[in-house]
Amino acid sequence: MTTFKTIDDLEPAQRLLVRIDVNAPVSDGVVQDNRRFARHAETIAELLADDHAVALLAHQGRPGRDTFVTLEGHADVLADHLGRNVEYVPDTFGEEALEAIRNLEAGDVLVLENARMCEEELPEEAPEVKADTEFVQTLAPEFDAYVNDAYSAAHRSHASLVGFPLAMDAYAGRVMETEYTANSAIRKREFDGTVTMVLGGTKAEDLIPVIERVDDTVDRFCLGGIVGELFLRADGHDVGYDVDGTEFFDHQWDDHRETIERVLSEYGDRLLLAEDLASEDGAGERAETAVGEIEKETSYLDVGSDTAERYADLVRESEAVFVKGALGVFEDERFATGTVEVLSAIAETDCFSVVGGGDTARAVDMYDLEAEDFSHVSVAGGAYVRALTGEELVGVDVLERAA
Ligand SMILES: Nc1ncnc2c1ncn2[C@@H]1O[C@H](COP(=O)(O)OP(=O)(O)OP(=O)(O)O)[C@@H](O)[C@H]1O
Ligand SMILES: O=C(O)[C@H](O)COP(=O)(O)O
């Protein structure tokens, strides 16, 4: 049972401001379709079928990163999923946005510009502060209600997520409702056998606290991706440095070095680090290197095959497996070995399993794995791991307060 209002509680034919989360990988400036688009398209289709007029609000990337792009491509991907036109408005709450919103008719849908291009969206501030911004105060009167479908961003106290529910009637969309229900239930489960957590991807800041918080329930952590390399660096290996202009490692190391070193020393017996890594050789092929021989100047893009096999074996003997983040750049088939071996091992067994992360969940579809072979495939990453640790999600909290 949920403690917020859902779209089942909406009167028909309302003018709705709908927050979705289609934050996705961007390749050569082009946004890549992922599971999030398909899931939100279902909510949008349901709202349009009920004659609501829908203006979508979303974010993409973070300022300063090359994934920080407009939402024009997102409108096209959504249009493909919905099988109808989705208007893109290159403005968040200025005159152009207001005019487009006022022209919306029942059954119409448009996408406003990347919310993070609006100065008041970031940084993290209390919901009351966000509710008072010009962004929220300008848009709120244009609508009958606000719908938050962005469970996967509900851990961020940003204006588009926490400001509107305090300024207008607020409801949860279908993705918010189903992800909240599934992820909250996971925490209450108890397991007799071994519980394994596979942690990878790029966001160390989201994952390091998890290791400390779930230490009473998780027996071992298999690390990979950028997060795994940061731990290897803390373990004295010459890896986990930004090379070729990347911006994955150095700032995270500067910000979290002490925590990583402390977690490694306190939980070291339960933390499994890669024993080999993979990179691209001069001929563009996958090359494997044992961690004893790794080089600071090389960009490592996957865990090695021995590590992938070892992690897959550990998964096979587990009663529950939780995955957050990819073990390598699985979008490139040469570096998908770690991620795909682990996911395939989970799919083969009947353990309780959750795969989380907006990008990571995409690997399930890309490599022809069946979502039905996992207990839950979550489109959320940071929000899912916070739910696992029992941490409150501010975006959910304000929906509850609004109800
Ligand atoms: N060694 C690596 N170098 C560069 N990128 C990596 C590496 N290992 C994994 N990745 C990238 O990590 C991404 C997935 O992790 P990310 O931290 O973005 O989490 P996520 O699954 O999308 O969760 P969230 O929803 O929190 O964003 C993949 O797109 C993959 O390419
Ligand atoms: O992709 C995600 O996990 C969410 O959209 C949140 O994005 P963020 O980590 O850039 O805040």
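Just after α9, Gly-236 adopts a positive phi of about 95°. The structure is a predicted model, in which local features need pLDDT of at least 70 and side-chain atom pairs count only at pLDDT 80 or more, while totals for chains, interfaces and linings use all residues. Residues are numbered from 1 along each chain as its sequence is written, chains are lettered from A and ligands numbered from 1 in the order in which they are written, and side-chain values use heavy atoms, with hydrogens and water left out.

Helix α9 spans residues 225–234, helices being DSSP runs (H or I, at least four residues) and strands likewise (E, at least two), numbered from the N terminus. Ten of the ten residues of α9 are buried, that is, under 20% relative accessible area (1.4 Å probe, protein chains only). Among them are Ile-226, Leu-230, Glu-229 and Arg-233. These buried residues pack against α8 (204–213), β10 (220–223), α10 (250–267), β11 (271–272) and β12 (276–280), with contact meaning heavy atoms within 4.5 Å.

Helix α9 also gives the most to the shell around ligand 1, with three residues. Of the 22 residues around ligand 1, Thr-202, Lys-203, Glu-331, Asp-359 and Thr-360 come nearest; a residue is near if one of its heavy atoms lies within 4 Å. Polar backbone atoms approach the ligand at Tyr-300, 3.0 Å from a nitrogen atom of ligand 1, and at Asp-359, 2.8 Å from an oxygen atom of ligand 1. Taken alone, ligand 1 exposes 640 Å², of which the protein buries 92% (Shrake-Rupley method, 1.4 Å probe).

Definitions and conventions. A polar contact is a pair of N or O atoms within 3.5 Å; within protein, one must be able to donate a hydrogen and the other to accept it, and residues adjacent in sequence count only if both atoms are side-chain atoms. Buried means under 20% relative accessible area, exposed over 50%, partly exposed in between (1.4 Å probe, protein chains only).
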